[in-house]
Each structure stands twice: as structure tokens, then as C-alpha cells.
Amino acid sequence: MSEYYGIDVDDVFNTMASRFRPEGAEGVDAVFGYDITEKGKWKLSVGQGRMALDITEDLSGCDVVVRVDEQTFAGIIAGKLDAMAALSANKMKVEGDFNLFAVTGKIFTKYVPPGQEVEPEQELVMLKRTISVNQRFATGPIMGTFLQGLKEKTILAIKCPGCGRLQSPPREICAPCRIRNDSWVEIGPAGEMRMLEYCYYASPDPLTGETRETPYGAIGVLLDGCKDNEVFWHLLNPQQLNDVRMGMVMGDKVVHGTRLRPVWSANRTGSINDIKYFEIDE
Amino acid sequence: MGYKKRNRHVGIVGIGETKFSSHREDVNQPEMIHEAVRGALDDAGLTMDDIDCVVHGNMELFEMVHQPDMWHTLGTGAYGKSAFRVTTGGTTGGTLVCGADNLVASGMYDVVLAVGFEKLQEGHTTGGITNMADPLWARRLQSGALTAQAAVKLIAEFGEARARRAAMTYRIIMDMHACKNPNAHRAFHLDWDQMEDLMATSPPLIGDLRLIHMCSQSDGACAIIFASEKKAREISGKPVWVRDHITVHREETLNLHNNYYPIETTHSFAAKQLYGRNGIDNPLEYFDVFEMYDPSAWWGVDWLRDFFLLEGDEHIKMVENRDIMIDGKMPINPSGGVIATNPIGATAIIRVAEAAKQIRGDAGDHQIPGNVEHGLASSFGGTMWTVLTMLEKETNW
């Protein structure tokens, strides 16, 4: 028994039955002869999705016969030598239907010598997926009116006929009063900063899937014309994060925050992005 | 608020928790849930044949598996049984308890299994929470559940040094508790000499909210079995009774950006209603344990005031005096709380499970020394919503 490239040629033939792929042999009806110099001769018959292999001295009746030395054959099986190069170098000869010989690659799974098997793939315990879904949200007439206002550089609030509370962005109903809001008031556009969420954490923007650039400032602005907790939620110019102070009402104690004004986008489409951010107005 | 007394008493007869951790990659969702369900059944000495109805809950935004109750039938044991699904964000676990309690108290079912779970590792927590916001406005602005609001408020009211120390004291106490709880996810063995260092070096998330202050992202599940009084006394030698629960919602817009105080929070509103209708004048005196849904150390400190209806700096003093420690006057989160362990859909039911274990007296290393008869558990979620649950050792109220 001799080995080249870690391959014993006998094993290549002995494992043919287990490597046979009926789906790859579909439509193939042929007899292949293998003449391995000083090793032996094999006759492979393929037809009707089946195969038969015989060790023989007689390769007559084969549609194609390959004559090759043991080392070259092992090298081709191992993927170390190129079959076409071997043919050119006259190390291998093919007699008969040359094209038929090329079919054998489909009929068998690749031979892997014992001990050289690739580890079977690990069982899948984690599946990573990125899901993209296009969504469209209806604004409804109330939010639609407000967004339309932004196109005209106007910030609108809706007013509760009961308690007089202003909401911007507007809602159809004043929840505590359980009554329909019924009138519009123009507020701001400038105002006083209340809360600053000075964000260091790079959270994802679910509208784009992109990670937000940090640091950024999400702010509550008490726009002119509003009172108490009627703040407007937007962003601060990220260049001015360290230059602002928060306003606060703590019972009788009142601290006024930095004056801010909106910076409008040139191209306004009726969205939150119509205001780029607020910036210092002092 | 309309309210009717319960139709019949309901007892907790079985409790099951998984080990909580950042990655439960060794099990899939139904397998993980099964661990908690099996634990609760074993604890009660029951089999699935004894369960009439299953209530299942988590927050779908995180794993992006919709109607997970179908997949999880294999883990919950709901096959062939009545089953309900609850998903109310952070309060899910509390609402699970409300739902299961109502199903038994009403007489509809005698034995109900409630199970909450989350595998936050399989999704993106902050992305998921941000997705709950109004898509036309707030989604562009919200950063999950991260906010410095409580820090800004406490610093404005009590000064930077005192507020920061109070938050870090709260944090270290919670970690000390977590170190006693073998199921806790994060237990760092923090100690008092690390106070200054942690305040200065823990990475900031938002303003004064630092990583060390914030709750974890955990995987895990928790199951509780509820039974009618007659059944509960047959099943368990020490059932824990659900006395009352309350749920309070508010508008869908967040009210974190105002710096306008005082405001009535859903926490204080719920607490007033609950104590009022149960004749509890001094909650601090009455309760022996409080398992609070404390998403951060800052909120933990701030919310003590809301839940116990305190005034001035009483809540700060509770922390400074370490009254909230496991052997203190008012033990808060002997389990380590939410900062240690936060599988969101399970988090609030864990609060009830942990308070019930304290009342049973079998919480193990994190058992409060002394008699525990009256327990309170809170849930938090949505746009500042509250669920409160009262538990009792006896039915003599």
C-alpha cells in the first residue's frame, strides 16, 4: 500500500459507492474505465441513477478510459494537481469521450482521506438577522396640521378647551380632561431651555437604523407662550452642549434656562427634521 | 377610581426562576421558559395537569418574535389549555400578576400559571424601547429608557454632592444584595471604599446617569402559580396572598423633559389609591419588604419618595442611613433589584416572586432577618406607568 498526498488510491475507489450522488448521475448512462499504472484497473458503470464498480483486467467496452500513474491520480483527487495540466504534461491520458470524463465530478462527492475530514459545522445556536421593513404612518388631521405648519416655519400647539393646556406636538384629546382639543395657537418659535439629556450613549435611530452621533442633546424647550410643563421636545445644536444651562421650576424656586431659537432646514417636508435643532439665542 | 373588593382570596403556591445572565445561549426561548415553569411546578408539587390556564408575557419589541406564546407553548405547557398573552412593556410582569390574580379571584379558573420572560441578548434593548415612541416625533429623540431626568431633579433639589452620594449608596446597597442572590445577573462585590472612584470613572450614558447606575440587560424567565384560597391551602403549606393590585397609565407622551416640580407621578398616584382603599396610613411602617422596579439608582432613590409618600429629604435619609438594606428598617430589593437583573418581560413578575419568597421565609441567603408579613412590589414601564401589588402572609386584613 502506497500513499501520495495522504491518499491511498484504493480508498478512492472503495468509497465511491458511499460518495455516489444519484441526483448528480441523473441522465448519465456510461461506463468509465480507470487504469492506474502498476496499481490496477477499475470499471465503473453508471446508469438509471445507480452505479456499479468492478476490479478488472478488461477495460473493453468503456465509453471513456483514464490512464494515469498513482501519484498523479492522488494529486488530482487531493486537489493538489490540475487535471488539465496533467493531460498537457502527458502524465494522464483520456481515451474515448473526453466530455463524459468531466461528468464524474458531479456524480461523486469529494473524496476526503480519513483524518482529514473538516469538522462538521457547529450546531446553529444563534442566528443573526438585520430586518428592514418599509413603514408608512398616517398623521391624522391634527398631527398633519402641525406638520404642515412646520413647512411654513410655524410651530403650532393645540389647546384644551377645559384646562387650557397647550400640547405641541398636538394630540386630539386632552387626556386628563378627556375632552377634544379644539383650537390652535402659534407658539415660540424661540423659548427657554428646560431639560437637557446630554447623550453620550450611541443609541440606534430606529427610523434609519443608523447609530446616532454622540454626544448629542435631546432637549425640552419651553417655547414662548407656553407655561409649566408644556415643553417642546427636540434637539440642541451639538456644538453648544456645554454652553447652555437648564431651567427648572421646583416649587417656589425658579431657575431660567438658556434662550434658544430653532434653526430651520432649507428643505422642509413636514417632519421633525424641518427643524434641524435649537441653538442659543442670547 | 372604581374598585370592587375581590371575589375570593388568591394565593401564590409556586415560584420558579431561571438563573439570570447576560447570555443564555445554551437554551432557546421555550427551553428557557420551561426552566421557570418546571421550577414553579416543582415548588408547588403540581404537574401541568393541575394548571387550568396559562398567562404568558414579554415585550415583543426586543426579540421581534410576534405572538411568541405560540412558539412557547412547548415551554409554558399551554397545549390544550386556556391561555392569554400580556404585553405591557416594562410592566408586563406586573400585569401578568394582575391578570392571573383576576382570573382566579373572579372564579373563572382555580389554578393559573403566569410566566414572564425576556432574552434581551437576542435583540436590541434600547432600539426596541425607542421603537415604542410616536414614530412621527419622539422616535427621532428618545434614547430607550435612558434619561438623566431623576439625576437632574435630585441634584437641583439636594445639591450635587449629596445627590450623587445618595445614588451611589443606593447602587452599592443593591449590589450587596445581589451578591446574596444566586440567581442575580450582575453581582460585582462593590464596597463602600469604591464610592468616589465609581462616581468619577464609570462611563457616562446621559448626563449624570452612568453605566454603573443603570439596570442590566438580562436573559431569564420567572413563573408563578396562583390558586383559589381552597386550592391554595391544599397545595401549599405557606401560600402568600395577593391582597390587592393597581395599575395606572398616563398619556403616551413622556413627561421627562420639563424640569417642572412637583408633579403627580403615576407611582405616587397609584400608591395613594392603593393605600387609601386598604386603610394603610403609614406604608413605611406597614410593609416589611418592598421589591421595587428600579431601572437606575437615580430613579430608585427618587421613587422612594413617590411610593412611600414621603416629604422633604426623607427618601434621601432612608438611603444615607442605609435603612433600605436587607437588615434595615425598610428593606428594598433584597434580591438585588432591577439594576442587577433585568429580563424586562420577567422583571416585574420577579419583583412579586421575590417579595413572596420573603414572606414565605425561604429566600435563602438573601432572606430578610426577622418576620416578613406584608410585601409590596412595583412595576414600571410604558411612558411612566405603574403597577403596584400588595402581598400578605395571612388573610386577616
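1. The sheet of chain B. Nine strands of chain B make an open sheet with mixed pairing, ordered S3-S2-S4-S7-S1-S8-S12-S11-S10. The edge positions go to strand S3 (82–86) and strand S10 (289–291) of chain B. Each of these has a single partner strand, so one side of each is left without a neighbour in the sheet. On average, neighbouring strands of this sheet are turned by 25° against each other, direction ignored. Please keep in mind that this is a predicted model.

2. One strand pair in detail. Strand S11 (residues 374–381) and strand S12 (residues 385–392) of chain B run antiparallel. Eight bridges join them. If you want a residue pair to look at, take Ser379(B): its bridge partner in S12(B) is Val387(B).

3. Helix H5 of chain B. After the helix comes Gly107(B), with a positive phi near 95°.

4. Ser143(B) and its surroundings. Ser143(B) sits in the loop between helix H6 (125–130) and helix H7 (149–158) of chain B. Thr130(B) is 13 residues away in sequence, yet its C-alpha lies 5.9 Å from that of Ser143(B). Neighbours within four places in sequence aside, Ser143(B) has contacts in both chains. From chain A these are Cys199(A), Tyr201(A), Ser203(A) and Ala218(A). From chain B they are Thr126(B), Thr130(B) and Ile206(B).

5. The layout of chain A. Chain A is divided into domain 1 (9–107) and domain 2 (140–280). The C-alpha centres of these two domains of chain A lie 77 Å apart.

6. Cis peptide bonds in chain A. One cis peptide bond joins Gly188(A) and Pro189(A), with omega about 5°. Pro189(A) lies in the loop between strand S10 (183–187) and strand S11 (191–199) of chain A. Another cis peptide bond joins Thr214(A) and Pro215(A), where omega is about -10°. Pro215(A) lies in the loop between S11 and strand S12 (216–223) of chain A.

7. Positive phi in chain A. Which phi value does Asn90(A) have? It is near 65°, positive in a residue other than glycine. Asn90(A) is in the loop between helix H4 (83–88) and strand S5 (92–96) of chain A. Asn90(A) is exposed, with 7 other C-beta atoms within 10 Å. Asp228(A), also not a glycine, has a positive phi near 50°. Its place is the loop between S12 and strand S13 (232–236) of chain A. Asp228(A) has 12 other C-beta atoms within 10 Å. That makes Asp228(A) exposed, because the class takes in residues with 12 or fewer.

Notes:
Residues numbered from 1 in each chain as written. Chains lettered and ligands numbered in written order. Predicted model: local features only at pLDDT ≥ 70, side-chain atom pairs only at ≥ 80, totals over all residues. Domains from an automatic or database assignment. Pairing = 2+ DSSP bridges. Helix = DSSP H or I, 4+ residues; strand = E, 2+ residues; numbered from the N terminus. Axes fitted to C-alpha atoms, helices over the stretch in contact; angles between N-to-C directions. Buried ≥ 20, exposed ≤ 12 C-beta atoms within 10 Å, placed from the backbone. Contact = placed C-beta atoms within 7 Å.
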